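Subject: Structure for your review

Dear colleague,

Please find the structure below, together with its sequence. My notes on it follow.

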Amino acid sequence: MPENKNASFCRWRRFGKAGVRLDAEKILYIDPIVIEPGAPKADIVLLTHGHAEHFSPDDVAKVSSAQTVVAGPAACVGLFRLNQLPFEAGESKTVLGVSVMATPAYCPDDARHPKEAGGLGYLIEMGGVRIFCAGDTAVVPELRGLKADAGFLPVAEDLMSARTAVALARDMGLRMAALTHAEPGSALEKDFIELAQREGIAAWLPEPAFAAA
Ligand SMILES: [Zn+2]
């Protein structure tokens with residue numbers, strides 16, 4: 001199940017613990033990692049923060065061409081000589097025709113993800129579909145009121161519980177939700193899928209690695 005079709009336009013793949021690729025009128029990677037040879041080049045790379053499970057400069061290079069826009073926190077994008085686009089939480093920009101809003105990603109109770117670190121998530125509108133990629137965050141007040149069609153939510157002991165992730169998915173109006181972080185077959189994953197289904201939200205198993213096309 002490496003590939004799915006979101007709504008009518010946007011295809012996605014998940015790979016690594018938290019990497020996502022969206023294919024619609026542009027090819028957009030969020031936190032490219034565990035990239036296999038032959039993977040399509042990105043029009044846009046969005047980076048969420050500098051943790052090693054998310055940020056791999058080698059993998060960013062693998063999916064980048066001279067035209068690729070690399071966007072994210074200044075501390076991450078500053079490492080590249082490509083077309084850098086620094087983002088801060090709350091900013092909205094149109095990137096190659098794709099609407100991108102950066103949302104804050106942090107956990108008030110987690111020393112690994114303090115607000116001051118400037119971690120980001122993204123609300124992307126592409127192909128007529130709004131997709132939320134939360135980054136490493138708890139359900140923080142700034143996320144209240146956001147709406148999207150599909151979302152990638154971090155379910156892990158130090159980020160969101162399955163229950164809080166599904167509650168956020170419901171509040172955001174998500175029709176489709178996929179996990180990041182939780183291991184395949186884990187209790188967290190089972191809980192998330194069961195709770196999401198009860199809310200009428202389609203939920204998919206995470207892919208442990210990028211699958212060859
Ligand atoms: Zn992190």
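Before the findings, a caution on confidence. The model is predicted, and pLDDT stays under 50 over residues 1-8, although the model has 19 contacts beyond four places in sequence for them. For the protein as a whole, the average pLDDT is 88, and 91% of the residues score at least 70.

Overall form. The protein contains 4 helices and 14 strands. Its C-alpha trace spans about 45 × 40 × 30 Å along the principal axes. The radius of gyration is 16 Å, which agrees with the value near 17 Å that a compact globule of 213 residues would have. Of these 213 residues, 47% are buried. Among contacts between residues at least 6 apart in sequence, 51% join residues at least 24 apart.

In soluble globular proteins, nonpolar side chains tend to be buried together. Here the largest nonpolar core has 65 residues, of which V45, L153, A169 and F192 touch the most other members. Helix α3, covering residues 162-172, is the element that gives the most to this core, with 6 residues. Beyond four places in sequence, L153 touches A134, M160, A165, L168, A169, A177, L179 and T180.

Helix α3. The buried residues of α3 are A162, A165, V166, L168, A169 and M172. Viewed down the helix axis, they fall within an arc of 155°, so they line one face of α3. Their packing partners are β11 (129-133), β12 (150-154), β13 (176-180) and α4 (187-198). After α3 comes G173, which has a positive phi, near 75°.

A loop residue. Is I33, which sits in a loop, buried or exposed? I33 lies between β4 (27-30) and β5 (44-46). With 22 other C-beta atoms within 10 Å, against a cut-off of 20 or more, I33 counts as buried. Leaving aside neighbours within four places in sequence, I33 is in contact with G16, G19, H54, S56 and D59.

With kind regards

Note on methods: Residues are numbered from 1 along each chain as its sequence is written. This is a predicted model: local features need pLDDT of at least 70, side-chain atom pairs count only at pLDDT 80 or more; totals for chains, interfaces and linings use all residues. pLDDT is the predictor's confidence in each residue, from 0 to 100. Two residues are in contact if their C-beta atoms, placed from the backbone, lie within 7 Å. A nonpolar core is a set of buried Ala, Val, Leu, Ile, Met, Phe, Trp, Tyr and Cys residues joined through C-beta atoms within 7 Å. A residue is buried if 20 or more other C-beta atoms lie within 10 Å of its own, exposed if 12 or fewer, and partly exposed in between; C-beta atoms are placed from the backbone. Helices (H or I, at least four residues) and strands (E, at least two) are DSSP runs, numbered from the N terminus. The radius of gyration is taken over C-alpha atoms; the globule rule is 2.2 Å times the number of residues to the power 0.38. The arc is that of the directions from the helix axis to the C-beta atoms.
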